[in-house]
Amino acid sequence: MGRYVLQRFVQAIPTVIGLTIVSFMLVHITPGGPAYAMLGPKATPARVAAVNRALGLNLPLWDQYGIWAWQLLHLNLGTSYFYLQPVTKLIEQALPVTLAIVGISYVLAHGIAVVLGSIQAYFKNGWFDHSVTSVNYFLYSMPGFWLAILLLVWFAVDIPLFPTGNLCDPNEVCNLGTWAYHMVLPVASLTIGTVAGWARYMRTSMTDTLVQDYIRTARAKGLSETRVLFKHAWRNSVLPLITLLGYFFPTIFGGALVVEEIFNIPGMGLLTFNAAIKRDYPIVMAAVLIGGILVVIGNLVADLLYGLVDPRISYG
Amino acid sequence: MAMPPTEVSATLAEPQLGPDTGPRGNRQWQIFWSSPLAWVGLGLTVFMVLFSFVGPLVYTVNPNATHLTHILVGPSSRFPLGTNALGRDELARLMKGGQLTLIIGFIAAALSMVFGTIYGLASALAGGFTDVLMMRIIDVLLAIPGLFLLLLLDSMFTPNAVLLTAIFAGTAWFGVTRLVRSEALSVRTRDYVEAARSMGAGTWRIMLRHLLPNVMGVVLVTTTFQVAGAILGIATLSFLGLGLPPPTPNWGAELSNAMTSMFQGAWWVIYPPGLCIVFIELGVNFLGDAVRQAFDPRLLGN
């Protein structure tokens, strides 16, 4: 097991190096640098040159990458052009917010999908199965931002149960309670969209599991139906969902961006979105890199979890 | 003009109907057409295509004309779906807004399919270090959250239809490539490919005549879902204000405008644009599932 973990880590290194190159290239091959965005339409060539010199953008690309990568190794992601603060500090504030939204939605979505999918598979082709399938098709085809807008309109505007945005109102004391209260709608938007995708997989997986021989054996032994379902069937049918953990990570991150933008939540998505529009290179590069690394970690964790849950897989 | 999905399917079907896979290819299309999902999906898709392309010919209202005395008014005989916050006719904007969305979605998916297939086949055929390197590049590109990548590319340039198509095609092919490669790898060692090679068939001939027809099923399935992905992507970017610059209408941009009039209870700017997106997404997803039932080799046995 230890060797396998190490091996997988080593395999991830070239991917991460590739990520640094891609995120660097992406923001540096573009026409019109941050100087134009900073100075506006009245920029004179001389002032543009001055800004470029000050930001080190006049150096050869390779040198710029070298400097950036070297600083990166020291966990220095540079200084934001616009906030004039270290990028690491901005990300320290934003990343936990996004991880919380994504994490909570992920756990909720997983739980709901497992329950829904199992019931669907158990009563396959019954009315419950058919209605959940139809609703899921609809939700699955729904753009995340529309779902978020609808929740906002229904539960924050028409029936003002929840706040329309932000993590905390300016005139109230911020604590875990207010924070959770503000998180309800954003998390709900992200969760509902994710459940729709996953319940299908869970339904298929559970359907396949329920016809296995060991389920018949368990029933033949006279075990109660609940025991057969929860002890014997679940563990195996959840396996494919673990693989999906890695697969869906990038999608959920994209979803978080939209949700943060709609509910004005100061997470990574909003930070990246504003930075991309202002061409705040250091933030954008850091965001792409961190997003990518999280996905790599997600895949790694999924791989290892798979081994923990499925005794047939051994990592010798 | 966007190709209606029937035409897309027909063009893609040709390799299946070649002498290599003739009978099996026909059988798969029979499975496809016997599925209710296919018909419902086709119906919804055709409906949205007609709505976007024939609609403006019937309902000839200028989608960009502003009616300053009719800002955000509800549906009436003059404005069947009301007007938005800028006093523009909502129905006309929804019809016109579908045109570029559909064109970009279908073309981007087709382009990414072609490129992804070529890359995947090349990687599988090359083998060895080249294959490893080519797949490592895909690993890296797949790790970047798609929306981040779109956002970044889009914010760098002033978007126009061609650029958006290129961006969507350019960010959608990684997944196809992986699938094509693994399919091709499993086909590559089959006897008939060996036989072709021993008879002196070149790399390109093996690729086009022997590998391609066998990976077409997987490609077709992924491509259908990619059309849905691209359409959703366009709507999302437009919603974020990064689509085609105003006043070009777009479903996502209409919803973004609707957010400014959220408190006025103007349901006609909130529900119809979202439903447009849901209808085309549902249609394409249904088609995708029908195609998968018919063509996915992993499901064929069932």
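This is a predicted model: local features need pLDDT of at least 70, side-chain atom pairs count only at pLDDT 80 or more; totals for chains, interfaces and linings use all residues.
Modeller: Residues are numbered from 1 along each chain as its sequence is written, chains are lettered from A in the order in which they are written, and side-chain values use heavy atoms, with hydrogens and water left out.

Colleague: Why is the contact of B:Arg93 and B:Glu254 called a salt bridge?

Modeller: A salt bridge is a side-chain nitrogen of Lys or Arg within 4 Å of a carboxyl oxygen of Asp or Glu. For B:Arg93 and B:Glu254 the N to O distance is 2.6 Å, so the pair meets that definition. B:Arg93 is in helix 5 (residues 90-126) of chain B and B:Glu254 in helix 11 (residues 251-260) of chain B, 161 residues apart; helices are DSSP runs of H or I with at least four residues, numbered from the N terminus.

Colleague: What makes B:Glu254 buried?

Modeller: Buried means under 20% relative accessible area, exposed over 50%, and partly exposed in between (1.4 Å probe, protein chains only). B:Glu254 has 1%, so B:Glu254 is buried. B:Arg93, at 4%, also counts as buried.

Colleague: Why is B:Arg178 called partly exposed?

Modeller: Its relative accessible area is 39%, which lies between the two cut-offs. B:Arg178 forms a salt bridge with B:Asp139, with the closest N and O atoms 2.5 Å apart. B:Asp139 lies in helix 6 of chain B and B:Arg178 in helix 8 of chain B, so the pair ties together parts 39 residues apart in sequence.

Colleague: How many salt bridges are there over all chains?

Modeller: The count is eight.

How values were computed
Helices (H or I, at least four residues) and strands (E, at least two) are DSSP runs, numbered from the N terminus.
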